[in-house]
Amino acid sequence: MKPDTDSSISQCENESQMKQSADTGSSYSCIPENRSEYEIGYFTCTSDYRDKSIRPRKKIKPGIVLIISSIAFVSAFSAFCMISELTHLQSGYYSPKTGATVILGLNSKPSGDEFLREDGTYTTAGIAKHVLPSVVEILTYNDITMSVPVGSGSGVILSEDGYIVTNAHVINNAKYLSASLSDKSKYNAEVIGFDAKTDIAVIKITTGMKKLTPAQFGNSDEVLQGEQVMAIGNPGGLTGSISGGYVSGIKRKIRADSTGFEMECIQTDAAISPGNSGGALVNMYGQVIGITSSKYVSSSYEGLGFAITINEAKPIIEELTANGYVAGRFRVGITFLALNEYAASAKDLPEGILVQSIDEECDIANSGIQKDDVITEVEGKKVNSYDSLMEAIEGKKAGDTVHAKIIRVHDDKSRETIDIEFKLMDDKSGNY
């Protein structure tokens with residue numbers, strides 16, 4: 001049944017328009033003006049005259065717009081930050097007074113290995129990177145709370161399981177110890193052994209499953225005068241400090257200020273302060289060639305420091321690690337004051353060594369010697385100093401008998417000469 005189109009068709013301008021549509025083969029319908037949009041469905045109103053290449057626009061969803069906007073904002077902000085970072089140091093300072101802009105130009109490091117040189121040695125930065133993990137900071141305490149340190153020093157890691165070498169004077173008389181690694185981890189430490197004569201000590205920390213980074217040790221006999229070296233330690237509590245210098249002298253026989261015993265040392269102008277004691281003196285291959293010690297530092301001259309050669313320290317370190325003491329050490333059993341010609345004259349005493357105290361546990365206490373006696377000869381050789389005493393008993397060992405001559409000055413200034421003999425005592429205490 002045909003739809004009723006009378007009223008619709010009557011709205012067309014003319015019948016020729018309808019006819020024209022039929023002649024051209026196009027479909028054409030007139031929409032009455034009094035029909036609503038929803039009534040168009042009653043007509044088959046299509047026309048082939050429309051451009052089919054033009055498609056109706058699709059509405060963009062708000063969520064997509066938001067995502068695209070966010071990405072664009074982030075990209076723009078990142079680009080701005082990168083440009084700012086590259087240019088802010090070059091922006092300079094503009095002076096309204098002169099109209100000039102002052103710019104301090106900064107340059108990046110040249111490309112290349114900043115830690116290793118072509119000849120196989122490390123740069124100074126390379127030394128810091130590779131050797132610092134093998135150096136520890138040692139703190140000493142008097143109470144079990146270990147809250148307030150009373151002393152500090154440095155140490156060099158010997159093995160993965162926690163053995164560390166340091167100076168004897170660093171840990172001497174300390175009741176409690178701690179050792180801090182380069183990664184800031186801190187552990188309680190125990191004394192394995194020490195030898196005050198050479199100022200060498202070995203301590204140990206327990207780190208559980210954590211393996212430490214032991215130092216590499218070089219041959220100090222191969223050290224050359226003028227060779228570049230670096231001292232690594234913790235001076236003044238400044239953890240992991242490095243100072244550089246050169247080997248000023250080799251095979252220096254230096255006497256410690258505490259014991260008077262001579263050790264073979266490397267002389268260097270690298271700064272060695274009290275906190276450096278027990279630290280490492282390394283060559284530019286990263287090898288430890290000496291153990292620094294403030295006890296071998298000259299207090300009278302600037303830039304004059306010493307490190308015990310590792311070849312000299314090696315047998316002491318090995319024996320302390322194995323036994324906890326150095327075998328063959330002996331003690332006489334006295335403390336004394338050296339009286340050379342001038343000191344003796346000033347005190348109106350004979351030249352020799354003035355006995356100040358006697359160890360009652362030693363055999364010399366049974367020899368008849370007394371405090372304030374002056375030992376003038378030992379084994380037939382005159383003595384008036386530490387060196388001369390050591391020379392007189394050179395070659396002797398614990399248990400050997402020593403003969404000595406003493407002069408006792410009485411209150412009336414009269415002098416009595418007495419011959420004594422005593423045995424040298426085995427000394428495992430580490431004290432000297």
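The questions and answers below go through a predicted model of one chain.

Residues are numbered from 1 along each chain as its sequence is written. In this predicted model, local features need pLDDT of at least 70, side-chain atom pairs count only at pLDDT 80 or more, totals for chains, interfaces and linings use all residues, and side-chain values use heavy atoms, leaving out hydrogens and water.

Student: What average pLDDT does the chain have?
Tutor: pLDDT is the predictor's confidence in each residue, from 0 to 100. In this chain, 75% of the residues score at least 70. The average is 80.

Student: How many contacts does the stretch of residues 33–50 have beyond near neighbours in sequence?
Tutor: A contact means heavy atoms within 4.5 Å. Over residues 33–50 the pLDDT is below 50. Beyond near neighbours in sequence, the number of contacts in the model for this stretch is 15.

Student: How many strands are there in the chain?
Tutor: Helices (H or I, at least four residues) and strands (E, at least two) are DSSP runs, numbered from the N terminus. The chain has eight helices. Its number of strands is 23.

Student: What share of the residues in the chain is buried?
Tutor: Buried means under 20% relative accessible area, exposed over 50%, and partly exposed in between, with a 1.4 Å probe and protein chains only. The chain holds 432 residues. The buried share of them is 36%.

Student: In which order do the strands of the closed barrel run?
Tutor: Two strands pair if DSSP finds at least two bridges between them. Strands of a sheet pair through backbone hydrogen bonds, either parallel or antiparallel. In this closed barrel of six strands the pairing is antiparallel, and the order is S3-S4-S5-S8-S7-S6.

Student: What is the average twist from one strand to the next in the barrel?
Tutor: The barrel has six strands. Axes are lines fitted to C-alpha atoms, for helices over the stretch in contact, and angles run from 0 to 180 degrees between N-to-C directions. From one strand to the next, the twist averages 40°.

Student: Which strands does helix H6 touch?
Tutor: Helix H6 covers residues 310–323 and packs on the sheet. Its direction makes about 45° with that of S8. The strands that H6 touches are S5, S7 and S8.

Student: Which residue in S7 is the bridge partner of Ala179?
Tutor: Strand S6 (residues 176–180) pairs with strand S7 (residues 186–195) in the antiparallel sense, over four bridges. Five residues lie between these strands in their hairpin, where Lys184 takes a positive phi near 75°. The partner of Ala179 in S7 is Tyr187.

Student: Which residue in S8 is the bridge partner of Val191?
Tutor: S7 and strand S8 (residues 200–205) run antiparallel and are joined by six bridges. They form a hairpin with four residues between them, and Asp199 in the turn has a positive phi of about 60°. Val191 has as its partner in S8 Ile203.

Student: Is Ala196 buried or exposed?
Tutor: Ala196 sits in the loop between S7 and S8. Its C-alpha lies 5.6 Å from that of Ala168, although the two are 28 residues apart in sequence. Because its relative accessibility is 17%, Ala196 counts as buried.

Student: Which residues does Asn283 touch, not counting those up to four places away in sequence?
Tutor: Asn283 belongs to strand S13 (residues 280–283). Asn283 is buried, because its relative accessibility is 5%. The residues that Asn283 touches are Ile127, Glu227, Gln228, Val229 and Ile289.

Student: Is Asn173 buried or exposed?
Tutor: Asn173 is found in the loop between helix H5 (168–171) and S6. Most residues other than glycine have a negative phi, and most peptide bonds are trans. Asn173 has a positive phi of about 70° although it is not a glycine. Because its relative accessible area is 68%, Asn173 is exposed.

Student: What is the relative accessible area of Glu379?
Tutor: Glu379 is found in the loop between strand S19 (374–378) and strand S20 (381–382). Glu379 is not a glycine, yet has a positive phi of about 55°. Glu379 counts as partly exposed because its relative accessible area is 29%.

Student: How many disulfides does a search of the whole structure find?
Tutor: A disulfide is a pair of cysteine sulfur atoms within 2.5 Å. Cys265 is buried at 0% relative accessibility, and Cys362 is buried at 2%. The number of disulfides found in the whole structure is zero.
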